[in-house]
Amino acid sequence: MTKKLLSFYYGDEAIVFERKDKQQSSPKVSIKVHSDCTVQVYAPKDVSDKDVVEAAKKRGQWINRKLNEFKKLNEEHSPREYISGESHFYLGRRYMLKVHADKKQTSTVRLFRGTLEIYCKEKSAETVKALLDDWYKDKAKQVFKDRLEKVVQKTPWVTEPPLFTVRTMKKQWGSCSPKGRLLLNTHLVKASKECIDYVILHELCHLVEHNHSKRFYKLMGQVMPEWQSIKKQLDRMVIRYFY
């Protein structure tokens with residue numbers, strides 16, 4: 001399907017965004033600025049392109065600021081090579097990667113004294129990345145299960161921990177289906193437990209309020225009063241966690 005791209009000027013800067021259909025019933029336009037500096041604007045189908053552009057222009061200062069923040073982070077962040085000495089994250093802590101090549105050793109990943117150690121038959125980036133990705137996925141399933149059991153105690157509308165699926169995603173931390181099944185990003189396990197709790201609670205609140213209305217944010221404030229500062233903490237680390 002061809003992307004529908006629209007644009008407007010903020011000062012001398014042209015801001016291009018993708019228009020996407022909004023599934024929720026709310027008539028409000030919502031905007032997402034992603035870490036790869038793409039912008040998506042969600043609007044109901046019956047809203048004209050002109051009105052969507054005008055709505056985006058009203059948020060022009062915020063969009064421009066977020067784009068500049070991500071551009072700066074991208075300039076500072078170098079692509080991973082999956083070699084010894086690199087920094088990788090788990091539950092909000094930074095660990096130094098140590099890669100050991102041994103053809104007789106069973107491939108494995110472990111945390112040991114502040115390091116993230118990988119034993120493999122060869123030191124190629126592809127091999128190390130595959131082992132690390134599998135390790136993160138296994139840890140994510142375990143950690144998310146534990147956090148869900150804790151946070152549902154704050155959400156009286158959820159009687160038991162919901163089913164969830166783990167998937168590596170590029171542009172979102174999580175989502176929630178109308179039936180209450182969660183989809184959580186594997187990368188989220190790199191963040192602190194309070195950041196994980198924030199994402200889970202955010203999605204559980206959508207079971208009551210299906211859009212980002214005032215009622216939604218009021219509910220978020222009730223279950224996690226400090227959610228805004230935690231969200232900022234997570235946003236600052238998105239480049240380091242995703243790439």
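This is a predicted model: local features need pLDDT of at least 70, side-chain atom pairs count only at pLDDT 80 or more; totals for chains, interfaces and linings use all residues.
Visitor: How many helices and strands does the protein have?
Guide: Helices (H or I, at least four residues) and strands (E, at least two) are DSSP runs, numbered from the N terminus. The C-alpha trace that carries them spans about 65 × 50 × 35 Å along its principal axes. On that definition the secondary structure comes to seven helices and eleven strands.

Visitor: What percentage of the residues is buried?
Guide: Buried means under 20% relative accessible area, exposed over 50%, and partly exposed in between, with a 1.4 Å probe and protein chains only. Of the 243 residues in the protein, the buried ones make up 42%.

Visitor: Among contacts between residues at least 6 apart in sequence, what percentage joins residues at least 24 apart?
Guide: Contact here means heavy atoms within 4.5 Å. Among the contacts between residues at least 6 apart in sequence, the part that joins residues at least 24 apart is 48%.

Visitor: Are H4 and H6 roughly parallel or roughly perpendicular to each other?
Guide: Axes are lines fitted to C-alpha atoms, for helices over the stretch in contact, and angles run from 0 to 180 degrees between N-to-C directions; angles under 35 degrees count as roughly parallel, over 145 as roughly antiparallel, 65 to 115 as roughly perpendicular and the rest as oblique. Helix H4 (residues 193-205) and helix H6 (residues 227-236) pack with their axes 9 Å apart and at an angle of about 110°. The contact is made by Glu194, Cys195, Tyr198 and Val199 of H4 with Trp227, Ile230, Lys231, Gln233 and Leu234 of H6. The two helices are therefore roughly perpendicular.

Visitor: Is the crossing of H4 and H5 left-handed or right-handed?
Guide: A crossing is left-handed if the near helix is turned anticlockwise from the far one by less than a right angle, and right-handed if clockwise. The axes of H4 and H5 come within 10 Å and cross at roughly 135°, so the two helices are oblique to each other. Tyr198, Leu201, His202 and Cys205 of H4 make the contact with Phe216, Leu219, Met220 and Val223 of H5. While H4 passes H6 in a left-handed crossing, the crossing of H4 and H5 is right-handed.

Visitor: Which residues do ring pairs link into a cluster, along with Phe216?
Guide: Phe216 counts as buried because its relative accessibility is 0%, whereas Tyr217, at 35%, counts as partly exposed. The cluster linked by ring pairs holds, along with Phe216, the residues Tyr198, Tyr217 and Trp227.

Visitor: Which residue lies over the face of Tyr136?
Guide: A charge sits over a ring if NZ of Lys or CZ of Arg is within 6 Å of the ring centre and within 35 degrees of the ring normal. Arg110 lies over the face of Phe112, at 4.3 Å from the ring centre. Over the face of Tyr136, at 4.9 Å from the ring centre, lies Lys190.

Visitor: Is Asp197 buried or exposed?
Guide: Asp197 lies in helix H4 and, leaving aside its neighbours within four places in sequence, is in contact with Arg147, Val151 and Met224. With a relative accessible area of 8%, Asp197 is buried.

Visitor: What is the phi of Cys37?
Guide: Cys37 lies in the loop between strand S3 (30-33) and strand S4 (39-43), and its relative accessible area of 24% makes Cys37 partly exposed. Although Cys37 is not a glycine, its phi is positive, at about 70°.

Definitions and conventions. Residues are numbered from 1 along each chain as its sequence is written. Side-chain values use heavy atoms; hydrogens and water are left out. Rings of Phe, Tyr and Trp (its six-membered ring) pair if their centres lie within 6.5 Å; planes under 30 degrees apart count as stacked, over 60 as edge-to-face and the rest as tilted.
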